[in-house]
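This briefing covers the strands, helices, backbone angles, salt bridges and surface of one protein model. The points are grouped by topic.

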Amino acid sequence: MKNTCISCKPGDTVQLAGIDFVVLEDRGPFSGEGESHDLFILALEGQGTSRFGDTNNYAESDLKNRVDEWLYRLTEKMAEQGLDDEIDLIRSRTISLTTLDGYKGYGDLEVKAAPLTLDEARRCAEVMPDPNIASWLATGWGGPEHYGAARALHVYTVGYWSSSHCSGGGFAIRPALVVSSSLFTSTEPDLSNVSTDDLLGELRRRIGNE
């Protein structure tokens, strides 16, 4: 028997450590890992709630701390399921923290899990399901000392995008990750060592029994 990567396309649902995710993008083959592809996936439902933080800088936010805690629990569940060696198949991705009004001072951030940014959510809008509860994005409304400096973006259950004060509310944590498709496999017979004569014999037997 051998494991083969499940072919996933945008809009498909996959499960990791008991959590359902929707595939947003197939990012293509990852060098050195055979047939595996990197998949950009998003939690299908909210994974708890959080305020955004004292400011709308995701890098310094309560929301980031909560997502990091969620990721730690996810890897613990993976280890419990015997997937210790597969934890490194969760890739890093770089997100831009540019605010809606174009402020770039928050820079870029390398993460293994984070809510979608505005740019990511807009790019994947056609396949991104509406959240089951209103969920934060990782993008602030305005830069420091500008309108919306204390607000961050979120998505309502009907798909409507808006903003809310960072220190209030209990909007959902909805992490997105880049993972290898090797995490999602099926098992099939390995026929590589079976002779052609044996395969033909089995085919004739099955045809004869029909």
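A residue is called buried under 20% relative accessible area, exposed over 50%, and partly exposed in between, with a 1.4 Å probe and protein chains only as cover. By that scale D119, at 44% relative accessibility, counts as partly exposed. The model is predicted: local features need pLDDT of at least 70, side-chain atom pairs count only at pLDDT 80 or more, and totals for chains, interfaces and linings use all residues. Residues are numbered from 1 along each chain as its sequence is written, and side-chain values use heavy atoms, with hydrogens and water left out.

**Sheet and strands**

- Helices (H or I, at least four residues) and strands (E, at least two) are DSSP runs numbered from the N terminus; two strands pair if DSSP finds at least two bridges between them.
- An open sheet of 5 strands runs in the order β2-β3-β4-β13-β6, and its pairing is antiparallel.
- β2 (13-16) and β6 (90-91) stand at the edges with a single partner strand each, so one side of each has no neighbour in the sheet.
- Strand β4 (residues 37-43) is mostly covered, with 6 of its 7 residues buried.
- β4 pairs with strand β3 (residues 19-29) in the antiparallel sense over 6 bridges; D26 has L39 of β4 as its bridge partner, and F21 has A43 of β4.
- β4 is also joined by 5 bridges to strand β13 (residues 176-180), again running antiparallel; there the bridge partner of F40 is V178.
- β7 has a covered face with R93 and I95, and an uncovered face with T94 and S96.

**Helix α1**

- The expected span of a helix is 1.5 Å times one less than its number of residues. For the 19 residues of α1 (residues 62-80) this gives 27 Å, and the end C-alpha atoms are 27 Å apart, which agrees.
- The buried residues in α1 are L63, K64, V67, W70, L71, L74, T75 and M78.
- Seen down the axis of α1, these buried residues fall within an arc of 140°, so they line one face of the helix; the arc is that of the directions from the helix axis to the C-beta atoms.
- Exposed residues Y72 and E80 are carried on the face of α1 turned away from its buried side.
- G82 follows α1 and has a positive phi, near 80°.

- Most residues other than glycine have a negative phi.
- A17, in the loop between β2 and β3, has a positive phi near 50°; at 8% relative accessibility A17 counts as buried.
- E145, in the loop between β9 (135-140) and β10, has a positive phi near 65°; at 82% relative accessibility E145 counts as exposed.

**Salt bridges**

- A salt bridge is a side-chain nitrogen of Lys or Arg within 4 Å of a carboxyl oxygen of Asp or Glu; by this rule the count comes to 10.
- R91 forms a salt bridge with D38, the closest N and O atoms being 2.9 Å apart.
- R91 lies in strand β6 and D38 in strand β4, so the pair ties together parts that are 53 residues apart in sequence. R91 counts as buried at 10% relative accessibility, and D38 counts as buried at 10%.
- R122 and D119 meet in a salt bridge at 2.8 Å, N to O. Being 3 residues apart in helix α2 (residues 118-123), R122 and D119 are separated by about one helical turn.
- R122 is exposed, with a relative accessible area of 52%.
- K9 and D12 meet in a salt bridge at 3.4 Å, N to O; K9 is exposed, with a relative accessible area of 53%.
- E25, R27 and R123 are linked in a network of salt bridges.

**Surface patch**

- Y156, V158 and Y160 make a nonpolar surface patch of about 340 Å².
- Patches are made of residues with over 30% relative accessible area and no salt bridge; like charges are joined within 9 Å, and nonpolar side chains (Val, Leu, Ile, Met, Phe, Trp, Tyr) within 5 Å. Accessible areas come from the Shrake-Rupley method with a 1.4 Å probe, and for residues only the protein chains shown count as cover.
- Y156 is found in the loop between β10 (151-155) and β11 (161-165), and Y156 is partly exposed, with a relative accessible area of 33%.
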